[in-house]
Amino acid sequence: MEFKIVQKTGKGALLFILDKEEQLAQTGLSDVQIKFVKDTFSKEQTSVSINQYSHYVFVYLIKEKKTAWQTTEAIRKVGADFCGVLNKHKLAEITIQNLSATTNAAFILAEGMTLANYQFLKYRADVKKKTNSLTLINFTKQSITVKDCNQLNIITDAICKARTLVNEPLNYLSAVQLAKEISLMGKDAGFKVTTLHKAQIVKEKMGGILAVNRGSIQPPTFSVMEYKPAKSLNKKPIVLVGKGIVYDTGGLSLKPTPASMDRMKSDMSGAALVSGAMYAIAKMKLPLHVIALVPATDNRPGEEAYVPGDIITMYNGTTVEVLNTDAEGRLVLGDALHWAKRYKPELVIDFATLTGAASVAVGEHGIVCMGTADDATKKAFAQSGFNQYERLVEYPLWDEYGEMIKSDFADLKNIGGPSGGAITAGKFLEHFTDYPWMHFDIAGVSFATSKKGYIPSGGTGYGMRMLLDFLMNYGKA
Ligand code: BES
Ligand code: ZN
Ligand code: ZN
């Protein structure tokens, strides 16, 4: 999507945002039209479209919800609805004029519109026919600031990039290809990328990544991204970590196909999220020193595959009895979390499609999180979750869950019991941390089976707005 700030409304489609009916007087609509709009509003409908022959005029009346964040989400959803209408009418552009007192209404509505306009048509023959007509959103000068317009562009772009990475299948997006895509994003946005290839991963003795990679015919990668502005609010870096399992068959503990293995190209959603976030952080030039780590491989049951019962040695020396090769995410993340210690980080934040248990617990409506960060940090995250409607549910890291991953033969085992699966996975990760840390299990939200509002089918990019909101407010409180 392209965004522009215009001096005057042109001849194309127009969308007015109001929060009071009186503002209709400022729209330039005729008395008859205004009466029509008011009549429609009185029927509990909040958006109206008027076909003026030469162009369309849309009017949307914001209705306050119980909380500000619920109102915001309603505006986002209306943006998605308008996106559908504009594409149905084959319109290429729209000009938004915000007449309401909600200062960010145009931003939010355009955000919903842009996120809903996302498509992944790379592999389709009917691309031309299918491609959405909408390509440009104009704002009148009073409707958005130059800075916000720029941020909207970058944030929606980052989300779309993350979605595309998730949507790319394994036969394109191997671990090596993922590392290449990350390098390209670094060049584009202006952050440094170092890729460790298999030989270096072997030399480092990253035993978790190597164990998971053993059944694969393709080598693993470990990407290190760094954005360091001249002046930053944080003295020590913030480190992001993203699970980069480019495909999860489960390994020898093979997954069933329907509604399980069939969506496992999305098991690198954490990686997509943190690299997309780095892209946005660098493009927005946030005053933060941020590093991101992506351990990547597919998890396959090849001839050399690790087997249940194997005892492996992780990067930090911890031995792990592998009792289920499908609990592979924690093994690659454990190595990355150990790597993060070298930076003496202020905060480490990981994103991972880690457990079916998290998905079962909250479904597609929120993220399961846990961690050792202080209360102020957790509060800030929770607030960002509400602000962006990517809500968080915190789970406890009680000692008893740690007992559940103790092994008779090794320091740890890679599965807990039949219950508390999201937490035992979190406890496993905690073992590799010695710094303030937050873990976000995005298993339930990262991939959608059907389009809903501004969330498309396939990769969703869910969590990105929450994370960026948190970072944009970081150090300001
Ligand atoms: N990638 C899966 C988790 C997952 C499930 C992501 C559903 C997205 C949707 C992960 O590697 C996995 O298989 N976890 C196992 C762990 C279990 C064997 C302890 C799970 O949750 O079933
Ligand atoms: Zn798995
Ligand atoms: Zn997995």
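Reader: First up, in what sense do strands S1 and S6 pair, and over how many bridges?
Author: S1, which covers residues 2–6, pairs with S6 in the parallel sense over five bridges. Keep in mind that this is a predicted model.

Reader: Noted. Which residue in S6 is the bridge partner of Glu2?
Author: Leu136 is the bridge partner of Glu2.

Reader: And S5, how does that one pair with S6?
Author: In the parallel sense again: S5, residues 93–98, pairs with S6 over four bridges. On that side, Ile96 stands opposite Phe139 of S6.

Reader: Is S6 mostly covered or mostly open, then?
Author: Mostly covered. S6 spans residues 136–140, and five of its five residues are buried.

Reader: Zooming out, what's the strand order in the whole sheet?
Author: The order is S1-S6-S5-S2-S4-S3, six strands in an open sheet with mixed pairing. S1 and S3 (47–51) are the edge strands, each pairing on one side only. From one strand to the next, the twist averages 20°.

Reader: How many bridges join S2 to S4?
Author: Five, and those two strands run parallel. S2 is residues 13–18 and S4 is residues 56–61. Leu18 has Leu61 as its bridge partner in S4.

Reader: What about the loop between S1 and S2, is Lys8 in there buried or exposed?
Author: Lys8, which sits in that loop, is exposed, with a relative accessible area of 70%.

Reader: OK, metals. Which protein atoms are donors to the zinc ion (ligand 2)?
Author: Asp248 (OD), Asp326 (O), Asp326 (OD) and Glu328 (OE), all lying 2.0 to 2.2 Å from the zinc ion (ligand 2). The donor residues follow the sequence spacing D-x77-D-x1-E.

Reader: How far is the zinc ion (ligand 2) from the zinc ion (ligand 3), and which residue coordinates both?
Author: The two ions are 3.2 Å apart, and Asp248 coordinates both.

Reader: Where does Asp248 stand in the strands, what's opposite?
Author: Asp248 stands opposite Asn299 in S11. S10 (residues 244–248) is joined to S11 (residues 290–299) by four bridges, and the two run parallel. Five of the five S10 residues are buried, so S10 is largely enclosed by the rest of the structure.

Reader: Switching to helices. At what angle do H6 and H9 cross?
Author: Roughly 10°, with the axes coming within 9 Å. That makes H6 roughly parallel to H9. Their crossing is right-handed. H6 is residues 175–189 and H9 is residues 269–284.

Reader: And what's the angle for H12 and H15?
Author: H12 (residues 375–388) and H15 (residues 464–473) pack at about 130°, with their axes 8 Å apart. That makes H12 oblique to H15. The crossing is right-handed here too.

Reader: Last one: how far apart are Leu165 and Glu181 in space?
Author: 8.5 Å, C-alpha to C-alpha, and they are 16 residues apart in sequence. Leu165 is found in H5, residues 146–167, and counts as buried at 6% relative accessibility.

Conventions:
Residues numbered from 1 in each chain as written. Chains lettered and ligands numbered in written order. Predicted model: local features only at pLDDT ≥ 70, side-chain atom pairs only at ≥ 80, totals over all residues. Heavy atoms only, no water. Buried < 20%, exposed > 50% of the residue type's maximum accessible area, 1.4 Å probe, protein only. Pairing = 2+ DSSP bridges. Donors = N, O, S within 2.8 Å, 3.2 Å for Na, K, Ca; no water. Axes fitted to C-alpha atoms, helices over the stretch in contact; angles between N-to-C directions. Parallel < 35°, antiparallel > 145°, perpendicular 65-115°, else oblique. Left-handed = near helix turned anticlockwise from the far one by under 90°.
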